[in-house]
Amino acid sequence: MINPSGSPSRFATPSVSVFLLTLLATTLATDARTSILDASDCNQLAGIAEAAPRHSWAMHERWPGVFTTDKIALAPQRSFLFRFSLDKIPPGQRISHAQLTLPVTQRYGSQPRFYLWRITAGWGPGVCYRYRSATPKPVKWTKPGAAGLSSDRATRPTDIVRLIENGDVTINVTEDVEIWHSGAAKNNGWLLSIEDPGINVDVRSPLTGRSSGWKLRITYEPE
Amino acid sequence: MNRSEMALHLLACLYATGLFVPAAVHAQTADPASPDELLVPVVVPGAICAVASDTHNLLVIGSDDDKHQLSIFSLAGNAAHAPSKPAQVDLPKPALLENAKNRPLGMAFHPKLPLLYVWQDITADAEKIHIGFNHLIIYAIEPTALRQVAAYARGPEFAHGLSMGAIAIDPQGRRIFLPNLQDPSNGGASIGYFDLDGEGMPRPTRVPIQGTLDGRGLNQFELVTKPVRVNVSRFRGLPTGWGFVAPSLNTVVFTGAGHGPAVWDTQNRRAAIGLLPIDTLPGDCLIAADAQLSVLFGAAQGHDSLYRVAHADGYPTLMPQVVQLPGAVFHSAPTVIVANHNRLAVGGAGKVHFAGLNKRGQFTNEFESISVESDAVRALAYSRKSKRLYVAVEKDRQ
């Protein structure tokens, strides 16, 4: 910057730096965007249970032998598969943060906790405890219940969520969403499971849509 | 280029783009070009239900007439025109119910044998009905008529005075699924089935005789033609016959809780019933499916909503799709029309409504309606062979 006398100003450099830094910060802050997806953005859901090996909607055994979808009643050998569509995230973006919120309504047993797994195998029509898809031809999970490590689900869980009280729990899922969005792995969604005997956890059903309280909050910015 | 050359050039362009087809080609194709051509009105006043069989070249329409409740049409002639004058059959009822009106609620052809199964109902004194009224009538299909060969489903286990009563037979013809059963002790709504023998007749089952326990704690048994029953009263009241889809011997889909589909897995007592309530539906749904699509369809009776959900061997799977046809009031089960005319047809108030489907049976949000001479269209049947949709109407169009 040149002052009116034509000599360089001693105070110009800090002012420019502050201006540029402010501009940069503003630009970065403006470019980072957040999308909040809800249950209506889930395009695949399934409840799978050992007791109901062919059912796709075995989420809750409301009465003996009668399964329904009014809630997700997680229990050993009864899990829930869900997949959010990430179409709302534009290509060419870097995922800087992703957070999954699940509404837990009840927990049972000592030191209750549930597991969140990234699913590695594709699943589709007819998905159930026995098969990852049943039409046009049955394709089995490597291990029933999507239990095959590294073949059906990731080798390690995305998180193990310990529950102290009922209510919304938030889980950092940045790594999973980043690898799906970057194309490093196909988005086959997640699995909620109970791995400890004697533990049951109830989660509000996402089938009620937006009002269910399910959220996937994704912050992204240009690469 | 002079005018005649320009005309020839234009015709050549239209021909190349498929916009112009010589009349002779239209005459050769059997496919109707539009829903108007697809639809064949058939005059049967008071029609309630209809079924068509390409195996037997027959269309049967059931009505609530005092007599001649079944009208049987041959589809052997020109399928594009209303079938000729039907043969008519009176549904049977005992003499002690002479003054009561019986009506057919559901019909199904045996997939292999020349048999027609009819589910009928009646409104009268319960005791008289339980003593003498058979709900399931089996007819042999003969060259010129239907001949009653058997009658079943009588007694306090069968509810009566109901307006819905669909039946279904599995694709191999080994089991018939029954509506509107009840627990005789408490009236709890149930559905059930008879296993069918090689002749298509309900197979008797071994039932323990009460008070016959011997010293080893074993009962004596008698052979009784009694349906296998599952109680659905916790989530479903009577009638339970809104529709059945039986894609296999061991599973049957019916309308369950929350207006959505339910599956009965007859082999798995630990998970006999699977429910998929669909909260956005305004009312209970009449249901249907097509074997080629592995998709269930439902039409909310008295409302404007349709749903579709994929199924695998009868187990509903993945997300349901719900659409509305504003102004429609559905009265019939959906009828799936496949091949070159992927559509769902549903009877409405004075109209037949068509919803477009893609190859996976998903709604394309293309809708059409055609007016017909009937205040409430309840009886539709599609013949895949003739590629026509037969619609029972009250009278010929003036």
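This is a short walk through a predicted model with a chain A and a chain B.

Okay, hi everyone. Let's start with chain A. Chain A has two helices and 15 strands. Out of its 223 residues, 49% count as buried. And if you take contacts in chain A between residues at least 6 apart in sequence, 76% of them join residues at least 24 apart.

So, on to the core. In general, nonpolar side chains in soluble globular proteins tend to be buried together. Here, the largest nonpolar core has 48 residues. Which of them touch the most other members? Those are A:Phe82, A:Leu100, A:Phe114, A:Trp190, A:Leu216 and A:Ile218. Strand β7 of chain A, residues 93-108, gives this core its largest share, five residues.

Have a look at A:Leu100 for a moment. Setting aside neighbours within four places in sequence, A:Leu100 is in contact with residues including A:Phe82, A:Phe84, A:Leu116, A:Val169, A:Ile171, A:Trp190 and A:Leu216. Another core, of 37 residues, lies apart from that one, and among its members are B:Val118, B:Ala150, B:Tyr152 and B:Ala153.

Next, the aromatics. Over all chains, the count is 15 aromatic pairs. One of them is A:Phe82 with A:Trp214, an edge-to-face pair with 5.0 Å centre to centre and 85° between the planes. What does this pair link? It brings together distant parts of the chain: A:Phe82 sits in strand β6 of chain A, residues 78-84, while A:Trp214 is in the loop between β14 (200-204) and β15 (215-222), and the two are 132 residues apart. A:Phe82 counts as buried, at 0% relative accessibility, and A:Trp214 is buried too, with a relative accessible area of 1%.

Over in chain B there's B:Phe177 with B:Tyr193. Their ring centres are 5.8 Å apart and their planes are at 65°, so this pair is edge-to-face.

A:Arg153 lies over the face of A:Trp117, at 4.4 Å from the ring centre. In chain B, the charged end of B:Arg206 sits over the ring of B:Phe221, 4.3 Å from its centre.

Now, cysteines. How many disulfides does a search of the whole structure find? Zero, over all chains. Take A:Cys42: the nearest cysteine sulfur is that of A:Cys128, 20 Å away. A:Cys42 is buried, with a relative accessible area of 4%, and A:Cys128 counts as buried at 0%.

Let's move to where the chains meet. On one side, 28 residues of chain A are in contact with 23 residues of chain B. The area buried between the two chains is about 2000 Å², and carbon and sulfur atoms give 61% of that. Which residues of chain A lose the most area to chain B? They're A:Arg54, A:His55 and A:Trp57, together 28% of what that side buries.

Last bit: two single residues, one per chain. B:Val44 lies in the loop between β1 (39-43) and β2 (47-53) of chain B. Is B:Val44 buried or exposed? Buried, with a relative accessible area of 5%. Not counting residues up to four places away in sequence, B:Val44 touches B:Ile61, B:Ser63, B:Ser71, B:Phe73, B:Ala392, B:Val393 and B:Glu394. The C-alpha atoms of B:Val44 and B:Asp64, 20 residues apart along the chain, have 10.0 Å between them.

And then A:Asn172, which is in strand β12 of chain A, residues 167-172. A:Asn172 counts as partly exposed, at 46% relative accessibility. Leaving out neighbours within four places, A:Asn172 is in contact with A:His97, A:Ala98 and A:Thr158. Along the chain, A:Asn172 and A:Ala98 are 74 residues apart, yet their C-alpha atoms are separated by 6.1 Å.

How values were computed: Residues are numbered from 1 along each chain as its sequence is written. Chains are lettered from A and ligands numbered from 1 in the order in which they are written. This is a predicted model: local features need pLDDT of at least 70, side-chain atom pairs count only at pLDDT 80 or more; totals for chains, interfaces and linings use all residues. Side-chain values use heavy atoms; hydrogens and water are left out. A nonpolar core is a set of buried Ala, Val, Leu, Ile, Met, Phe, Trp, Tyr and Cys residues joined through side-chain atoms within 4.5 Å. Buried means under 20% relative accessible area, exposed over 50%, partly exposed in between (1.4 Å probe, protein chains only). Helices (H or I, at least four residues) and strands (E, at least two) are DSSP runs, numbered from the N terminus. Contact means heavy atoms within 4.5 Å. A disulfide is a pair of cysteine sulfur atoms within 2.5 Å. Rings of Phe, Tyr and Trp (its six-membered ring) pair if their centres lie within 6.5 Å; planes under 30 degrees apart count as stacked, over 60 as edge-to-face and the rest as tilted. A charge sits over a ring if NZ of Lys or CZ of Arg is within 6 Å of the ring centre and within 35 degrees of the ring normal. Buried area is the accessible area (1.4 Å probe) that two parts lose on being put together, summed over both.
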